Amino acid sequence: MGKRQLLNAEDVISVTDSDKICINHKTFTVQELLGAFFTKWFNNDVGKKWLFEGTECQYLAPGKLWKKEKLK
């Protein structure tokens, strides 16, 4: 397993439709995810999966290319 990458508020995350948890679209910023986290995260099984197992995603940081990672 590689080095952990910390994301910034303006970074963009893209997940599959089946991994949408608390936002109704599959592409969102880290800031949007954190805003929704506290109100909806633990209310569904997908959110619990993200917390304990992680989910495959792509992320895009300003000035960088898309990267594939596991998000936890």
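This report covers the sheet, the nonpolar core and the confidence of a predicted model.

**Confidence.** The protein chain averages a pLDDT of 77. Of the residues, 71% score at least 70. Among the elements, β1 has the highest mean pLDDT, 88. Helix α2 (residues 45–52) has the lowest, 70.

**Sheet.** Four strands make up an open sheet. Their order is β2-β1-β3-β4, and the pairing is antiparallel. β2 and β4 are the edge strands, each pairing on one side only. From one strand to the next, the twist averages 35°. Strands β1 and β3 are joined by three bridges in the antiparallel sense. Across this pairing, S14 stands opposite Q58 in β3.

The elements and their residue ranges are listed here.

| Element | Residues |
|---|---|
| Strand β1 | 12–14 |
| Strand β2 | 27–29 |
| Strand β3 | 55–60 |
| Strand β4 | 67–71 |
| Helix α1 | 30–40 |
| Helix α2 | 45–52 |

**Core.** In soluble globular proteins, nonpolar side chains tend to be buried together. Here the largest nonpolar core has 10 residues. They are I13, V15, I23, F28, V30, L33, A36, W50, C57 and L71. Helix α1 gives the most to this core, with three residues.

**Around C57.** Which residues is C57 in contact with, leaving aside its neighbours within four places in sequence? They are I13, S14, V15, K67, K68, E69 and L71.

Definitions and conventions: Residues numbered from 1 in each chain as written. Predicted model: local features only at pLDDT ≥ 70, side-chain atom pairs only at ≥ 80, totals over all residues. Heavy atoms only, no water. Pairing = 2+ DSSP bridges. Helix = DSSP H or I, 4+ residues; strand = E, 2+ residues; numbered from the N terminus. Axes fitted to C-alpha atoms, helices over the stretch in contact; angles between N-to-C directions. pLDDT = per-residue confidence, 0-100. Core = buried A, V, L, I, M, F, W, Y, C linked by side-chain atoms within 4.5 Å. Buried < 20%, exposed > 50% of the residue type's maximum accessible area, 1.4 Å probe, protein only. Contact = heavy atoms within 4.5 Å.
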